[in-house]
Amino acid sequence: MPLFLTRGNYTQSAIAGMMAKPEDRTQALSPILKSVGGTLHAMYNTLGEYDFLIVAEAPSERDMLSVLLVAAGTGSVFNLNTTLAWPASEAVGAFAKAQMLATQFHPAGQR
């Protein structure tokens, strides 16, 4: 199942709401991921450019997008940046296929 890393920011109203009533946001996110057949592995609050980092699995990019649209549509988060990730061991097959395809490709201007 694809693994997704999502970073993002809380809106000012979300921060005000969490200050007024502190809560663990994994309890809101986990059931939505589960409803599309996914799993929330971790959610971290971060310092710097982004306020949080989510590590989650979902059956497809479309399923993950649906979950993120729900979160963004509530006005709680913005500036979402999602990366599809896979284990290094799975990259071996991609490198092998690239080796085969490289014989069919030429650099620009070198025909």
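Which residue takes a positive phi in the hairpin of β2 and β3? G48 does, with phi near 115°. The views below come from a predicted model.

**View 1. The hairpin of β2 and β3.** This hairpin has 6 residues between its strands. G48, with its positive phi, belongs to the hairpin. The two strands pair in the antiparallel sense, over 6 bridges.

**View 2. An open sheet of 4 strands.** The strand order is β2-β3-β1-β4, and the pairing is antiparallel. β2 (39-45) and β4 (77-85) stand at the edges. Each edge strand has a single partner, so one of its sides is left without a neighbour in the sheet. From one strand to the next, the twist averages 20°. Strands of a sheet pair through backbone hydrogen bonds, either parallel or antiparallel.

**View 3. Strand β1 and its pairing with β3 and β4.** β1 covers residues 3-10. Towards β4, the join consists of 7 bridges, with the strands antiparallel. Towards β3, there are 6 bridges, again with antiparallel strands. F4 has A56 as its bridge partner in β3. T6 has I54 as its partner in β3. On the β4 side, N9 stands opposite F78. Y10 has V77 as its bridge partner in β4. In a regular strand the side chains alternate between the two faces of the sheet.

**View 4. Helix α3 across the sheet.** Helix α3 spans residues 61-73. The helix lies across three strands: β1, β3 (52-57) and β4. Relative to β4, α3 runs at about 165°.

**View 5. The aromatic pair of Y10 and F52.** The count of aromatic pairs comes to 1. Its members are Y10 and F52. A pair of aromatic rings is described by the distance of the centres and the angle of the planes. Here the ring centres are 5.0 Å apart. The planes make an angle of 45°, and the pair is classed as tilted. Distant parts of the chain are linked by this pair. Y10 sits in strand β1 and F52 in strand β3, 42 residues apart. Are the two residues buried or exposed? Y10 counts as buried because its relative accessibility is 11%, under the 20% limit. F52 also falls under that limit, at 2%, and therefore counts as buried.

**View 6. The surroundings of N9.** N9 is found in strand β1. Its relative accessibility is 7%, so N9 counts as buried. Which backbone oxygen does the side chain of N9 reach? That of E49, at 3.0 Å.

**View 7. H41 and E57.** H41 is found in strand β2. With a relative accessible area of 45%, H41 is partly exposed. What joins the side chains of H41 and E57? A polar contact of 2.7 Å joins them. The C-alpha atoms of H41 and E57 are separated by 7.4 Å. Along the chain, the two residues are 16 residues apart. H41 touches L3, V55 and A56 as well as E57, not counting residues up to four places away in sequence.

**View 8. The salt bridge of E23 and R25.** How many salt bridges are counted? The count comes to 1. E23 forms this salt bridge with R25. The closest N and O atoms are 3.1 Å apart. E23 has a relative accessibility of 46% and counts as partly exposed. R25 is partly exposed too, with a relative accessible area of 28%.

Technical notes: Residues are numbered from 1 along each chain as its sequence is written. This is a predicted model: local features need pLDDT of at least 70, side-chain atom pairs count only at pLDDT 80 or more; totals for chains, interfaces and linings use all residues. Side-chain values use heavy atoms; hydrogens and water are left out. Two strands pair if DSSP finds at least two bridges between them. Axes are lines fitted to C-alpha atoms, for helices over the stretch in contact, and angles run from 0 to 180 degrees between N-to-C directions. Contact means heavy atoms within 4.5 Å. Rings of Phe, Tyr and Trp (its six-membered ring) pair if their centres lie within 6.5 Å; planes under 30 degrees apart count as stacked, over 60 as edge-to-face and the rest as tilted. Buried means under 20% relative accessible area, exposed over 50%, partly exposed in between (1.4 Å probe, protein chains only). A polar contact is a pair of N or O atoms within 3.5 Å; within protein, one must be able to donate a hydrogen and the other to accept it, and residues adjacent in sequence count only if both atoms are side-chain atoms. A salt bridge is a side-chain nitrogen of Lys or Arg within 4 Å of a carboxyl oxygen of Asp or Glu.
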